[in-house]
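Please look over the sequence and the structure shown below before reading on. The briefing that follows is meant for a reader who is new to them.

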Amino acid sequence: MTDNTTGSLRTAHTYQLSEAALAEIRALLDAAFDGDFDDDDWSHGLGGIHAFIRDRDGLAAHGSVIMRRVVHGRRSYRVGYVEAVAVRADRRRQGLGGRVTGALERVIDGAYELGALSASDDGAELYRSRGWRQWRGRVEVLGPDGVVPLPGEEDSTFLRQPPGRSLPDPAAASLLFDWRDGDVL
């Protein structure tokens, strides 16, 4: 049963979602990002675990976690990277973003060496309040032509430390993310 006040939370891998469900998620993301969500952004959120909340009016919130590789110093980390987090306009500031993020954090804590994301100015406070730590070091990407510095991403990159694991040291080396089309982070 769906409660319109809180909504029901579900998780599913991309392959478990129907074309109609994926179209509904894409429509929510298009609306939430005011046209600043393109096909590359959409592709980045696929292939992992989706957490979403439905209420009687439809899809109210969504987020996904996908696997990425991040090199720090001489070590490659298997990272749960959070993507495509959005809440329908009429349900914002009601805790739905936190519920979706909580479900994604459980996936990260159980399956990855650490969590990472790039937060918007609006979203940064949510992640800080949930214990995500802002990365205070350099951010780079291993692109087709070699290592490319991403100084514009350094203030928006956040990491999650799963229980029993330690985070990379920002003083020791940069975070070197794997390449992908569109926005790298």
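Predicted model: local features only at pLDDT ≥ 70, side-chain atom pairs only at ≥ 80, totals over all residues.

Residues are numbered from 1 along each chain as its sequence is written, and side-chain values use heavy atoms, with hydrogens and water left out.

**The largest pocket**

- The largest pocket has a volume of about 1200 Å³. A pocket is found on a 1 Å grid over the protein atoms alone, as an open set of points where a 1.4 Å probe fits, with protein on both sides within 12 Å along at least five of seven lines, and its lining residues have an atom within 4 Å of a point. The volume is the space filled by probe spheres set on the points, which are joined across faces, edges and corners.
- Of the 39 residues in the lining of this pocket, F33, V85, S120, G123 and Y127 are the closest to its centre.
- Two or more lining residues come from each of the elements α2 (39–44), β4 (75–87), α3 (96–111), β5 (114–118) and α4 (121–129), and the largest share, seven residues, is that of β4. Helices (H or I, at least four residues) and strands (E, at least two) are DSSP runs, numbered from the N terminus.
- By residue type, the lining divides into 15 nonpolar, 11 polar and 13 charged residues; here Ala, Val, Leu, Ile, Met, Phe, Trp, Tyr, Cys and Pro count as nonpolar, Asp, Glu, Lys and Arg as charged, and the others, Gly among them, as polar.

**Salt bridges**

- The count comes to 14 salt bridges, a salt bridge being a side-chain nitrogen of Lys or Arg within 4 Å of a carboxyl oxygen of Asp or Glu.
- One of them joins R26 and D30, whose closest N and O atoms are 3.1 Å apart; both residues lie in helix α1 (residues 19–32), four residues apart, which is about one turn of the helix. R26 is buried, with a relative accessible area of 18%, whereas D30 is partly exposed at 30%, where buried means under 20% relative accessible area, exposed over 50%, and partly exposed in between (1.4 Å probe, protein chains only).
- Another salt bridge is formed by D55 and R88, with 2.7 Å between the closest N and O atoms. This pair links distant parts of the chain, since D55 is in strand β2 (residues 49–55) and R88 is in the loop between β4 and α3, 33 residues apart. D55 counts as buried at 5% relative accessibility, and R88 counts as buried at 16%.
- R75 and E113 also form a salt bridge, with the closest N and O atoms 2.2 Å apart. R75 lies in strand β4 and E113 in the loop between α3 and β5, so the pair ties together parts that are 38 residues apart in sequence. At 40% relative accessibility R75 counts as partly exposed, while E113 counts as buried at 15%.
- Salt bridges that share partners join D55, R88, D90 and R91 into one network.

**Aromatic rings**

- The structure holds three aromatic pairs, where rings of Phe, Tyr and Trp (its six-membered ring) pair if their centres lie within 6.5 Å, and planes under 30 degrees apart count as stacked, over 60 as edge-to-face and the rest as tilted.
- Among them, F33 and F37 form a stacked pair, at 5.4 Å centre to centre and with 25 degrees between the planes. F33 is partly exposed, with a relative accessible area of 32%, whereas F37 is buried at 9%.
- Y127 and W132 form an edge-to-face pair, at 6.0 Å centre to centre and with 70 degrees between the planes. Y127 is buried, with a relative accessible area of 7%, and W132 is buried at 3%.
- The charged end of R68 sits over the ring of Y81, 4.8 Å from its centre, and R75 lies over the face of Y77, at 4.2 Å from the ring centre. A charge sits over a ring if NZ of Lys or CZ of Arg is within 6 Å of the ring centre and within 35 degrees of the ring normal.

**Two residue pairs in sequence and space**

- R133 is in strand β6 (residues 133–134) and counts as partly exposed at 48% relative accessibility. R133 and L167 are 34 residues apart in sequence and 9.4 Å apart in space, C-alpha to C-alpha.
- G7 lies in the segment before β1 (8–13) and counts as buried at 7% relative accessibility. G7 and R26 are 19 residues apart in sequence and 19 Å apart in space, C-alpha to C-alpha.
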